Amino acid sequence: MKNLSFNVFKCEKKYFFALIITVICAIISGIVLYKVAGINSYFKNYAQDYIFYVFNFKNGKLLFSHLITELIYLYAVFLLAYCTGIKYLSLILIYIRGLFVTAYLLILIAVGALGGIFVALLVFLPVSLISILLCFAVSNCRKGTNKLIYFLPAIFALVNTIIMLLLVNIIFRVVIIIV
């Protein structure tokens, strides 16, 4: 029965507080760097495409790119925390993730006006917060004999993508129908 034990998480208070401080610093940096990022046409095109795909319920490109991004971030955090043994290094990647989330969130709101606010608050922000929490969960994996732990970031990425699918196709549709 020990092979099927999923008691792989060990949460430390110091690491949790370091994560909160890192996310706060990333939010502040994202707000400050929003003006610089807003100048780039790539970010504006990304925001317009994101809003278009969410409003038109075109899930293919949106979900595939989200799944790939989640896999990259979660495996990078997992490899830094699990293989090096210094999980505080994973805070660098979580900082970068929080910085991009804040900058994209502000660009979504600025470019999309009311539609951008709906998309940002109902889809992008919840999925991004869940992603940061999953990065925290993956970085708290402790070493053990369970071989399934190497698939945990992929499972978390798939769960986050399914949550995004549900937010776009159920919650967002209900809000659009009501409004």
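This is a predicted model: local features need pLDDT of at least 70, side-chain atom pairs count only at pLDDT 80 or more; totals for chains, interfaces and linings use all residues.
Local features need pLDDT of at least 70 and side-chain atom pairs count only at pLDDT 80 or more, while totals for chains, interfaces and linings use all residues. Residues are numbered from 1 along each chain as its sequence is written, and side-chain values use heavy atoms, with hydrogens and water left out.

Helix H1 (residues 13–32) and helix H5 (residues 90–139) have axes that come within 10 Å and cross at roughly 145°. Helices here are DSSP runs (H or I, at least four residues) numbered from the N terminus; axes are lines fitted to C-alpha atoms over the stretch in contact, with angles from 0 to 180 degrees between N-to-C directions. The contact (heavy atoms within 4.5 Å) involves H1 residues including Tyr-15, Phe-16 and Leu-19, and H5 residues including Leu-91, Tyr-95 and Phe-136. Its residues divide into 17 nonpolar, seven polar and no charged, where Ala, Val, Leu, Ile, Met, Phe, Trp, Tyr, Cys and Pro count as nonpolar, Asp, Glu, Lys and Arg as charged, and the others, Gly among them, as polar.

Tyr-15, Phe-16 and Phe-136 also belong to one aromatic cluster with Phe-17 and Tyr-88. The charged end of Lys-87 sits over the ring of Tyr-15, 5.0 Å from its centre (NZ of Lys or CZ of Arg within 6 Å of the ring centre and within 35 degrees of the ring normal).

The structure holds 13 aromatic pairs (rings of Phe, Tyr and Trp, the last by its six-membered ring, with centres within 6.5 Å; planes under 30 degrees apart are stacked, over 60 edge-to-face, the rest tilted). One of them, Tyr-50 with Phe-124, is edge-to-face, at 5.5 Å centre to centre and 90° between the planes. Tyr-50 lies in helix H3 (residues 41–55) and Phe-124 in helix H5, so this pair ties together parts 74 residues apart in sequence. Both Tyr-50 and Phe-124 are buried (under 20% relative accessible area, with a 1.4 Å probe and protein chains only; exposed is over 50%, partly exposed in between).

Terms used
Helices (H or I, at least four residues) and strands (E, at least two) are DSSP runs, numbered from the N terminus.
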